[in-house]
Amino acid sequence: MSLALQDEGRMPFGAQVLLAACPGSSSNLLLLLREMRPVLVYYCLKEKWFVSVCLAKDAWPPTLSISLRIVNCRVKQVNPRQYVAEIPQLSNLEVWFQRPKDIVRKLLAGDLDLGIVGFDTFSEYGLGNEDLIIVHNALGYGDCRLSLAIPNHGIFEGINSLRQLSKMPQWTAAKPLRVATGFTHLGPKFMKDNGFLNVTFSIADGALEAAPAMGIADAILDLVSSGTTLKENNLKEIEGGVLLESQAILVARKKSLIEQKDVRDRTKEILERFEAHLRAVDQFTVTAHMRGSSAEEVAGRVRSQPSLSGLEGPTISPVFCKHNGKVTPDFYAIVICVPKKALYKSVQQLREIGGSGVLVSPLTYIFEEVTPRWKELLSKLEL
């Protein structure tokens, strides 16, 4: 088994990727993405397991630190200029550094089995191939949009919609609308579907915002996150110009899932860990002690407070204290799960009804009895 990452030494502006993992089959896939948002992350199974990270252009500041961890383990890279590393805690596992779009191409070629990739890259390089199947469509990071942008001055000053742009008399067969983009599959289809008859495309992979100012393009079709870079280059998005909204998704090769049980098993584990982690984001476990005559009486007090219902209700259990040689349940322990935004209010409500010794811990995972997306996947695969 192998694992691949984008080469740290070749990431723009010194971007860094750190990876760690837990040993054995119980390894924790906890994704901690700090400071900036990666657009593409890839996992792949078979005899090789690839992971790669690619950053949206808007997220490349002069200094960038992004952590990608699989908890409690580390990546050992002897030489930072090499494309291979290892995780000492995991046997038969290699770490490889790869270019993002190559992961999708290798999925299509059947060399890989599972990938986490931005929806935009999946759409551009997946080419609608029916052997690729989306396992999870919203992993909760890498949010961006593929959008058409034009200058906010000159002949475009009064143009604020895609329809207005398509009706401009300037675009003729002799002088078509020139669009700079790296999305050579999605771009032409989008423009054709929206009635553009006279349009040409120039291929560009970076710094597209400069193309109109340089006079080599009239518009650009590019990934946009905050839109700050567009504004700083005197460009604007227009109504109807968003081709798609994108974030990280979990994609698999359908044939591998159907034919290989080990691929299904690992896919299930990764999916369930992501689902559990996403459900636990910004959730806290709150534990408190409370005097009461019975568990039912304490539960009634807790349920009377609107912020203390927890996921399904509070967990109440006796706390046995010893007095004069006799063990009695003088206190009851209350355990609830509360969202971050309601944390302090929940603590206040616990105090008001007699709670003390309040402990607060962040949650890493909340596992359901059954993962709905796994059942949905098995249905799609007719398994």
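Modeller: Two strands pair if DSSP finds at least two bridges between them; helices (H or I, at least four residues) and strands (E, at least two) are DSSP runs, numbered from the N terminus. The model is predicted: local features need pLDDT of at least 70, side-chain atom pairs count only at pLDDT 80 or more, and totals for chains, interfaces and linings use all residues. Residues are numbered from 1 along each chain as its sequence is written, and side-chain values use heavy atoms, with hydrogens and water left out.

Strand 8 and strand 15 (residues 248–253) run antiparallel and are joined by five bridges. Within this part, Gly-118 stands opposite Ala-248 of strand 15. The open sheet has three strands in the order 8-15-9, with antiparallel pairing. Strand 8 (114–118) and strand 9 (132–136) are at the edges, each with a single partner strand, so one side of each has no neighbour in the sheet. From one strand to the next the twist averages 40 degrees, where angles run from 0 to 180 degrees between N-to-C directions and axes are lines fitted to C-alpha atoms, for helices over the stretch in contact.

Helix 8 (residues 261–280) packs on the sheet and touches strand 8, strand 9 and strand 15, contact meaning heavy atoms within 4.5 Å. The direction of helix 8 makes about 40 degrees with that of strand 9. Helix 8 also packs with helix 11 (residues 372–381), at an angle of about 145 degrees and with the axes 9 Å apart. In that contact, residues of helix 8 including Arg-264 and Leu-271 meet residues of helix 11, among them Trp-374 and Leu-377.
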